[in-house]
Amino acid sequence: LTYATTMEHLAMLDADFYFALCDSLLAADSAGALLQLDDALQRGFEGATILDGLAEHFRNLLLIQSSRTARLI
C-alpha cells in the first residue's frame with residue numbers, strides 16, 4: 001500500500017499535481033501544462049474535477065498568505 005496507489009484508487013489528484021501545473025503556468029510553459037492536463041485526462045479525471053481541484057488549490061494558496069486566514073484551510 002503506497003500513497004500513489006491509494007490516490008489512484010480514490011481517483012484523486014494530489015497537491016503535487018497542482019503545484020506542478022502551477023509551476024508550468026508560471027514558467028509560461030504551455031506545452032508542459034497541456035501535457036500534465038492530458039495525462040490527468042488520460043487517467044480518467046474529468047475536466048470539471050481538475051478545475052475544481054485547481055480552484056481549491058488557488059484558494060488554499062491565497063489563504064496561507066496570512067496567518068489570520070490560514071486556519072480557514
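**Entry 1**

I began at Ala 28, which follows helix 2 and has a positive phi, near 60 degrees. I noted at once that this is a predicted model. Then I turned back to the helix that comes before Ala 28.

**Entry 1: the length of helix 2**

I looked up the limits of helix 2 and found residues 15-26.

Next I listed the buried residues of helix 2. They are Phe 17, Tyr 18, Leu 21, Cys 22 and Ser 24. I looked down the helix axis to see how they are placed. The buried residues fall within an arc of 160 degrees, so they line one face of helix 2.

Which exposed residues does the face turned away from the buried side carry? I found Asp 16, Asp 23 and Leu 26 there.

I then asked what the buried residues of helix 2 pack against. My note names two partners: helix 3, at 30-42, and helix 4, at 47-63.

**Entry 2: Ser 24**

Is Ser 24 buried or exposed? Its relative accessibility is 9%. The cut-off for buried is under 20%, so Ser 24 counts as buried.

I also looked up its contacts, leaving aside neighbours within four places in sequence. Ser 24 touches Asp 29, Gly 32, Ala 33 and Gln 36.

**Entry 3: the whole chain**

I counted four helices and zero strands. From the N terminus on, the order reads α-α-α-α. Taken along the principal axes, the C-alpha atoms fill a box of roughly 40 × 35 × 20 Å.

How much of the chain is buried? I noted 23% of the 73 residues.

I checked contacts between residues at least 6 apart in sequence. Of these, 43% join residues at least 24 apart.

**Entry 4: surface and charge**

The accessible surface of the chain comes to about 5,500 Å². Carbon and sulfur atoms account for 60% of that surface.

Last, I looked at the charges. I noted 4 positive and 10 negative side chains. The centres of these two sets lie 19 Å apart.

Terms used
Residues numbered from 1 in each chain as written. Predicted model: local features only at pLDDT ≥ 70, side-chain atom pairs only at ≥ 80, totals over all residues. Heavy atoms only, no water. Helix = DSSP H or I, 4+ residues; strand = E, 2+ residues; numbered from the N terminus. Buried < 20%, exposed > 50% of the residue type's maximum accessible area, 1.4 Å probe, protein only. Contact = heavy atoms within 4.5 Å. Areas by Shrake-Rupley, 256 points an atom, 1.4 Å probe, with all protein chains shown as cover. Lys, Arg positive; Asp, Glu negative; His and termini not counted. Charge placed at Lys NZ, Arg CZ, Asp CG, Glu CD. Arc of directions from axis to C-beta.
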